[in-house]
Amino acid sequence: RNLGGWRAGGGVPPGHTPATERERGAQRSWLVVPASAEAPPEPAAVFDTFAFANRALDVGETDPQVEVFVGPPPLRDGGLRYGSGGDPSAPERLWVTDSEPGDGSIYYHEYAHTRQAYNESDRMAWVIEAQAAYYDQLLVLYSGSGTYREFRDSVTTDEKASARLASANRTAPRRDADYFKGARVMAALDAEIRRATDRNSTLEDVWRAMNEQRGQLTYSDFKTIVAEVAGESVDGWLDRYLTTSAAPEVP
């Protein structure tokens, strides 16, 4: 489709479409905005969002380059991460709908995906969207662009609450429940870890250990990592809320 030209500015990496560029710390980002985008965000807001998320998430594996495309119709609402395809020289690539504000949860959500460096098994497929859905709300809260009530409402939803996220016969394709019950389980698990460690550890420590895992990340590996971070076994808790229709309370 003819996107009607590009709004451009700043530096341009060789072989790339003209884009606004910003470097923060060890990460460089490019924002590509088609002229046909209906309500493109201010580039500074997007770069500030990514810079904040980069500082806030202590999970290792920061990709040095991220390319962001602002998606006009007919692209759907939301966003999508493409990843680098295992090529260490290629940037992470993603798009976000043009109706999303630069400091909104979708930018945080897609950025969170760029920090997921593990290779999950089919049974762990739920964690990809569950993790991003929880942290997109947490980062909006921490950044000051959202309220605690909005955060809490998002991670205590009853939508898809009876889903079995990590059932033994789970296959990899994404499910809507990963976003809803998945975020609720992540929030409750974060609280469990903080309680068990007197707030000395959080779910970020689990994420970092997942990124450090070599080989495929299995459900058994995940339970081991959580136990190591929490300093106690959480196997029964995880089995209850990930493999049955039960949903945890978020304290």
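The structure holds 12 salt bridges, a salt bridge being a side-chain nitrogen of Lys or Arg within 4 Å of a carboxyl oxygen of Asp or Glu. This is a predicted model, in which local features need pLDDT of at least 70, side-chain atom pairs count only at pLDDT 80 or more, and totals for chains, interfaces and linings use all residues. Residues are numbered from 1 along each chain as its sequence is written, and side-chain values use heavy atoms, with hydrogens and water left out.

Select Asp158 and Arg184. Their side chains form a salt bridge with an N to O distance of 2.9 Å. Asp158 sits in the loop between helix H4 (148-155) and helix H5 (176-196), and Arg184 is in helix H5, so this pair ties together parts 26 residues apart in sequence. Helices here are DSSP runs of H or I with at least four residues, numbered from the N terminus. Asp158 is exposed at 60% relative accessibility, whereas Arg184 is buried at 6%; buried means under 20% relative accessible area, exposed over 50%, and partly exposed in between (1.4 Å probe, protein chains only).

Glu249 lies in the segment after helix H8 (235-243), so its pairing with Arg184 in helix H5 ties together parts 65 residues apart in sequence. Glu249 is exposed, at 65% relative accessibility.

Next, select Asp205 and Arg208. Their salt bridge has an N to O distance of 2.4 Å. Both are in helix H6 (residues 203-212), three residues apart, or about one helical turn. Arg208 is partly exposed, at 22%.

Notes. Helices (H or I, at least four residues) and strands (E, at least two) are DSSP runs, numbered from the N terminus.
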